[in-house]
Amino acid sequence: MSNSLAVYSLPSVGNQRSKNLTGGLQWDQYRITQQSRSHQDIFIGYKGYFRVMCPHPLQQSTFRWADVRDVDDFADKVKRYRAGTYPPDAFVKYRIHNGGYVTRLTSDYSMLRVKVPAGRISPEQLRRFSLLSEQYSIGSAHITARENVQLHWVVLEDVPDILRSLAEVDLTSRESCGDTVHNVVCSPTAGVCPDEVFDPTPYAEATSRFFLRNTMTQNIPRKFKITYDCCENHGRARTADVGLVPQIRTVNGQARRGFKFFAGGGLGAKSCIARQIEDFTDEDNVIYTLIAVLKVYDRLGDRKSRHKNRLRYLVEQMGWEKFRNLILKERTAVRITQAARVNLDLEDMPAAVRRPVRISAEEVVEPGYSKWVQTSTFVQKQPEYRTVFVTLEAGDISSRQLSDLADIIEEYSGESTARLGLIQNVVLRYVHQDDLVSLYSRLLKANLARTGALTMAATLGCVGMSSCNLALTNSHRMAKEIQRQFLKRGLDEDKDLWGSSIKVSGCPNSCGQHVVATVGLYGGSGRNGRDMYPAYTMLIGGRTGADSTLGHKLANVPAKRVIPVILHLLDIFRERKQDGDNLESWIRRVCDGAEQTSVADLQDMVTPLISPPSRDDDPDFYTDYGTDIPYKIVIGRGCTK
Amino acid sequence: MGVLTNTDALRSGIADRSVHVVDARTADEYRAGHIPTALNLSVSSIVAEQNAGTAARLAGSLGISNNGPLVVIYDGYFGTAAALVAWRLEHAGYQNVSLLECSYANWLEQGLEYDYDVPDIMHVGYSVKTNPSMVATIRDVELANSSTILVDSRRRLDFLAMHIPGAVSIPYRALSSPSSVLRGKDELLHLFANRGIGVESNVITYDNDSGTLSALAYYALKHVGVDGVRLYLASFADWRRQKMPVETQQNATYGDLAA
């Protein structure tokens, strides 16, 4: 294994240099602390060495995500489809592969899912979404839990025009849906997380670049999701098809970067926590291992039954040991047979952190400021800087807010760019602590200063019945209603609830990640005699991170009783908690049988709240949120079959 | 004469006094600064009376006659108010009317001159010679066959909730760019072609009630050469009042996706 290592060091631009921040690794950080009149600069280089294809780490890559040929092709296919000269099934597969997902019960409209690799999004790109959402969509955009931006209820014929406009700011929707490698996700705190051993962002971007338009992954058995975490606490590595968590090992006396490489995880029908394929996957082996997994999956995945065809089904069918051995063997073959050496094209990201100049007028501390700092911001490993989480309502952001946010990022983020987060939020990093008061005021004006971004109040909810063919309930509104109630009741301030989460899906497929939430909900229905009502299966005790666990089923809760049941659970917890408990730890013990109260006890305790009233007594009970029509199940076709 | 007048043409017109500049914003907005020599003919004063002669009477009282120099109209942001004032003037027989290509906000962004002066006004007489070919009645809409395309200019969510059967959705914001009240001709032609509209098409535009949004659509279509365009001035509110049938996108709660 002798990959050519081009050794670069960043130009010496500063008068202070701190080395070896990560225990022996050649990690250089350069700082300029010189005070200029306009700003303070800090340059942070990624590594002391790069295997890069661009000649100099400070040089911009010429790689572009967007390709207008995709746009022309899409326009052509829509025309042929409408003219009846392109088979509808083939067209659906094609449009989905290119991000033009189907919309609930109609072929006139499309949902356009635009991938934001590693979640890095520029102010310019946010402004473009602002414009396009107003021109072609519903006046707002939706930020997903996998770092995509979605435009809903777009006229199918308009999709190519939107794609052309997105290409101008180097955004693509290609391979954001369909049987291929979806957006490569990276923890939004990568690079600023105090617990990480190194920043995985360049690896996430390189992985995304490598697989985009790669012939190997244009028609794999089903979708494939890759996630990079910053550390064991912040991320989703164990619930993806492949998840990677950075680690450093000493190999032959040398500190090596590598990852914990997890495979076979996934949420939905038969949710599964991924397992680690080997003790340490050296960074040089990351791409080979990914290729090996994809090749094995491509060859052996069960293409006949789409519903049982994610990687986790293959793992289950083969057994873990056999699967794991096959991957390792395949990797050896891949390494030998690759025609050219395959390197992850790691791009340098010398984040030039510039604290923007502020004309310090009298700063008024707006009400709610300290609560916001406490519940919506995060202390970075870089001294004096904070990361600010802008929480939305189930990921929805208006055209106006998008352009306001673009301005705010330029004014306040030292890296002049933002990250999309993992719970349908936007994350501003490198905000100087002295700018927080002023930033809060700006966010308030844009109605983007919600508190509780890092608490149980920030409820995640898939789009559900507002756009998706498969939804059984209006999960999107449900999530908004829960969040509003939590904020109204000040529950975001309750420290016992920190570290807990609520996640809602409109069907068992788990786009809302309900299986890994402290309180998870997925849509379904209930029946009282002849009358149907919308309902959610409530799970408790799920979690992500190093000890990722799937939730336990608690009860089938009518939609209009979900909030009372959650509040009741909080009351029970407060009554029975022990010293030092928080909700998460208490529910964990309940689920593990390590508490006097059992899951069955909780079931008994919520039963009185969930028995259905008669339709005459409470007609509202029989309707879902956002509609006054009595509940019935109406669904359409999923993706390609 | 084109639908749009660009800023350079307007500025030289102002310099040699060969244009009437009309500010379609409210009196308060006008007083807070306007394009030099502009007269204030607010869209609200025009829509207050649905009489076809109103626009002409108001214009006459500002010294703008129907056979005088070019009238260039602008508003604050989107061109919708300016479009309705233009449309009402044309409908009353004014032949030399156009929209300023940018909004007042764009004008200021470009650092162009503005002032607070109200020009001296010389009343002129007015005559009204309505142009019925510009208007569609509820009967026209009702009887529209497949060769006439109905364009709904309201926001997409309004359209999904309810629209005139068979209408196509072009939210008025789709007609503008950040720097111009109407996008480039190629882009507009594309937008229209995506809905089956070509230069030969017969089109009726409508919005909710005021006619501002659909007037912008009217001029966008004229701009690219769709001459067979009419405006259903009473619009969707009238359609609803007359208990006419509507179409709805059913079984989806799209409204809950709005931020």
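Two residues are taken to be in contact if their C-beta atoms, placed from the backbone, lie within 7 Å. The model is predicted, and local features need pLDDT of at least 70, side-chain atom pairs count only at pLDDT 80 or more, and totals for chains, interfaces and linings use all residues. Residues are numbered from 1 along each chain as its sequence is written, while chains are lettered from A and ligands numbered from 1 in the order in which they are written.

Chain B is assigned domain 1 (4–131) and domain 2 (135–257), with bounds from an automatic or database domain assignment. Their centres, taken over C-alpha atoms, are 25 Å apart. Between them, 17 residues of domain 1 of chain B are in contact with 17 residues of domain 2 of chain B. On the domain 1 side, α3 (43–47) and α5 (80–91) of chain B each supply at least two residues; helices (H or I, at least four residues) are DSSP runs, numbered from the N terminus. The largest share of that side, 7 residues, belongs to α5(B).

Turning to the partner chain, 20 residues of chain B are in contact with 34 residues of chain A. Helix α8 (residues 156–161) of chain B gives the largest share of the chain B side, 3 residues.

B:Phe159 counts as buried because 23 other C-beta atoms lie within 10 Å, the cut-off being 20 or more within 10 Å of its own, with C-beta atoms placed from the backbone. B:Phe159 touches B:Asp152, B:Arg154 and B:Ser169, leaving aside residues up to four places away in sequence.

Conventions. Buried ≥ 20, exposed ≤ 12 C-beta atoms within 10 Å, placed from the backbone.
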